Amino acid sequence: MATMAVPPALAGPLATVPRTTEQPAKEPMAFRSVEQLQRTLYTHRDGVPLGIYAITQDKDGFLWVGGSSGLYRFDGVGFTRMFEAELPPILITALFVDASGDLWVGNLRGGIFRVHEGAVRGIRVEPGKAVIMAFHQRRADALWVGTAGGILEVTGDRLQNVAIVPPGMDRDLYVNLYATAWDGSYVVFAGQKAYRMRPGGAAFEEVDADSAMADLAGLAGDVSFSAPSADMLVDGYRALWVPTNEGLARYHMQAPGSGNELVAESVRFADGEPVDATADYIDRDGSVWVASSRGLEQFRAARFTPLTLPSGVYQPAITAEAGGALWVSSASAMSPLRVADSVASHPELGTNVRCSTLALDGAMWFSGDNELRRLAGDNIESLPLPTPDPPRQASKTPGRGCGGIAVGSAGDVWMALYKKTWHWTGTRWEKFGDKTPSTVTIQGNTVWIGWMDKTLTRVDGVRQRNLTKADGLDIGEVYASYPSRVGLWIGGATGLVLMHDGRFSALTGRNGGRYPNATDMVEFPNGDLWVITDTGLYRLPAAEIRLALEGPSHPVEDQLFDQDDGLRSTLGSVRGDPLEPGAKGRLWVAGDKDVAWIDPGSFAAPPPPTVVIDTVNGQSVNSPRWHSGKLNQGTRNVEIAFTAPTFAAPGRVHFRYVLEGIEDGWQDGGAQRRVHYSNLGPGQYTFRVQASDVDGRWPSAASVVAFRILPAFYQTWWFRILCIVLGLIAIWILYQRHLARIFAAHQTRLNERERIARDLHDSLLQQFQALLFHAHAASGMTEGPVRERFRRVIDIAEDALVDGREAIMGLRSVSDTLASLPNDVQKLSELIDPHHAIAVTVATSGTPGQLNPAVADDVHAIVHELVANALRHSGGKRVQVELRYDRAALVVIVTDDGRGMDGTVAPPAEHGRWGITGMRERARQVGGALVFGCAPGGGTQATLRIPARRAYRRRWLGLWR
């Protein structure tokens, strides 16, 4: 490759030919010194308890620490106090998790406690056996307890002594330490002596203490150790960690297993002070944990292994040669270093080497001091640097200002120097431009030059073409370019694009970013693309790139590497090519102060952590009392606390959860380890939660907790039914009271009408009758005009008498049935038509039932008016009244065979009468409708229809009739 990239604040470096990579191949884990381990110190600001003297790890992956402050559980984010009420306030000196997953706790006064499924149980120890120092799983059913006075074996509830020294020898031992060797041997240290039991052995053998310490890690040679002050351990590299009063030391062979010289590393804090270890532990991932006065510190092998470099290295430039060895140079006075099986300095290549590159012919080029140097095998050739233009004061080390170099296929050289671009044609230097390029890539006979003015120049011999935003290159300042099998990758200020098939395709990552400030790229043989940006190093799988090119909306499932993975320096600010492929499939990365490598084929991402659900509304789900999973009656708000032990990069672990029946799908909880629900009702609930791994992948399984919210008495089914029944009863009582008020008002109305009817009959009608008698007598005594006048008076009085009788009949006709309707109609006919010129009939069908009193009253009145109108105005020979008690409605039909009427126009009411309009209004008042039409065969037909719910009086259970 030939790329280089810088942020806008720096001058642009150059790059050279495409870099090739070997197929990744796995190899044994490379040894790492303390300096190459990733260190993370947790202090009291992170909640670390003071005075830690014991550390262990449980089956779920949690770290447990104990000491003067009690017992704590650590998940990588916070420390949680555990079993404060169940454990006595005594210094904890030993912790252990047995094969069954139970936690064992030992304290300073000989107390032993076993934690099984969240329940703490104490085991009595005889008073003489003070200070519990260690636990050891001897057999599946037997646990050894190491004390200051010897070993006890715990089998069930039984305790018995274990012989350390042969019978008959001095048994008064004072044990200093217990330790487990790399081969499984168990060693007891007592003063200058040690006693070792090998795996499968039946008795201890006495050995020298120093020899026993060396044998813990299989260290060769005659070694003398300082007296340990805390537990010793052997890490995954077979290095022995020994805490002493002078500090923490780490012992290992120079080449582990080769029998070379013993190396002792002093483990110190960042400020150079020795580590005063009080406890140590190696977890199941191989990380070493050391407790000290400053807190709890983790030592782990990150994905990237830093290269140990001399002091004073600043912005190192790296270039891989054809054989895979790496060259490291610096802008300081350090000579270039060649890193292979060993690290060698090459002062013959000068100092202040700011730029280096690999040519197509395998030669290495270096720009340092005041000339270019070409290294081919053991032969070094020199080439003078360009002359400044315009001339300026000479510098003793002009090569230090190199922004980058690249060598073309014809042996020509491109160089950034003096803030200009230069081209060595093979015979002389020519100035190509008056600005500094940010990247130069050689692709066959084509040269690609990127600029900070957002332009990419293509040079083919003497032809040049500038690509800009108008051509589709929309990435801001151009920082890097890289030719690959699928096209030309171009990185810039705003993103990464691929130029292929005459067009530009942008990529979008999983979080929506477009990889801004991409300053270098490398493609591996499997098609994976590695891209370095100012936020970290990304790996883009080949399959994801293919999907993104086929569908631009597809987000690339990339993998991010940053400081949590061992990249300690600021990325994206290095001149030259910060990415270089190396031997054995390695990828080298240069930061601003260091160089690190990774073998993509050798590491496997750890599986997603298992989520542990701690509490539901403060109740521990791990305690025996939770087996029922019931919450208090009337609970409305539920808070669920959960966590997942992650110590490599806890900030990258995200959670998602779902409460079945409440949420439709997974809810993104981010890094939060607690969720709150409100307004929950009684019932059974199931909560599921998952944690992603550090690369954002989700597991297939989830952690589950089920709980039930008990209903309060007012939330039970029987209470709801009771409320419904009581409500119906209350409605029925109110309705009955309402009916009673209606009946009372109606009865008052009936009584008043009866009184008026009696008064009219007893007074006014009797006087009218007397008036008619005298009028008839007077008319017989007169002749001529006077007689005619009497006749007119008699007719008027008779009409008034008929009207009065009709009114009295209407007043007395009100009831809650229509049983009297046929008789009332016949009486009305006799009053109006005493000679029976018109036949009147009444027919009834259906089962008569009780009516609402107001309805019966209005039906009487409307039928009387309809019959009266038919008798007076129809001119027919027959009037028929049909009364139907239907289930759906009460229907009354009045039909005559007279001359008929226009049903669409209501005639005006006569003086003192209602008229058709009045009857219709009266029908509407009782919820019915009155319709006029033509009768079959001629005549008029009036139909009164009142719905059953308004006409009939309701019976029990809301039924009509």
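Me: Which residue is the bridge partner of Y281 in β23?
Reply: W289 is the partner that Y281 has in β23. Before we go on, this is a predicted model, so local features need pLDDT of at least 70 and side-chain atom pairs count only at pLDDT 80 or more, while totals for chains, interfaces and linings use all residues. Residues are numbered from 1 along each chain as its sequence is written, and side-chain values use heavy atoms, with hydrogens and water left out.

Me: What makes β22 and β23 a pair?
Reply: Strands pair if DSSP finds at least two bridges between them. Strand β22 (residues 279–282) and β23 have four bridges in the antiparallel sense, so the pair passes that test. Strands here are DSSP runs of E, at least two residues, and helices are runs of H or I, at least four, both numbered from the N terminus.

Me: And what joins β23 on to β24?
Reply: A hairpin with two residues in the link does that. β23 and β24 (residues 295–300) are antiparallel, with five bridges, and S292 stands opposite G295. The hairpin of β22 and β23 has five residues between its strands, and there G286 takes a positive phi near 90°.

Me: Why is β23 called largely enclosed by the rest of the structure?
Reply: Buried means under 20% relative accessible area, exposed means over 50%, and partly exposed is in between (1.4 Å probe, protein chains only). Five of the five residues of β23 (residues 288–292) are buried, so the strand gets that description. V288, V290 and S292 point one way, W289 and A291 the other, and all are buried.

Me: How do you know that V881 counts as buried?
Reply: V881 has 0% relative accessibility, so it falls on the buried side of the cut-off. V881 sits in strand β63 (residues 878–885). Leaving aside neighbours within four places in sequence, V881 has contacts (heavy atoms within 4.5 Å) with T841, V842, A843, V863, V867, V892, I893 and V894.

Me: What makes D361 and R374 a salt bridge?
Reply: Here's the background: side chains of opposite charge can pair when their charged atoms come close. The label needs a side-chain nitrogen of Lys or Arg within 4 Å of a carboxyl oxygen of Asp or Glu. D361 and R374 come in at 2.8 Å, N to O, so they qualify. D361 is in the loop between β30 (355–358) and β31 (364–368) and R374 is in strand β32 (residues 371–376), so the pair ties together parts that are 13 residues apart in sequence.

Me: What makes D565 and R652 a link between distant parts of the chain?
Reply: Their side chains meet in a salt bridge at 2.2 Å, N to O. The two are 87 residues apart, with D565 in the loop between β49 (559–561) and β50 (579–581) and R652 in the loop between β56 (638–643) and β57 (655–659). D565 has a relative accessible area of 5%, so it is buried, and R652 is at 15%, so it is buried too.

Me: How many salt bridges and strands turn up in the whole protein?
Reply: A search of the whole structure gives 39 salt bridges. The protein has 66 strands, along with eight helices. Of its 961 residues, 50% count as buried.
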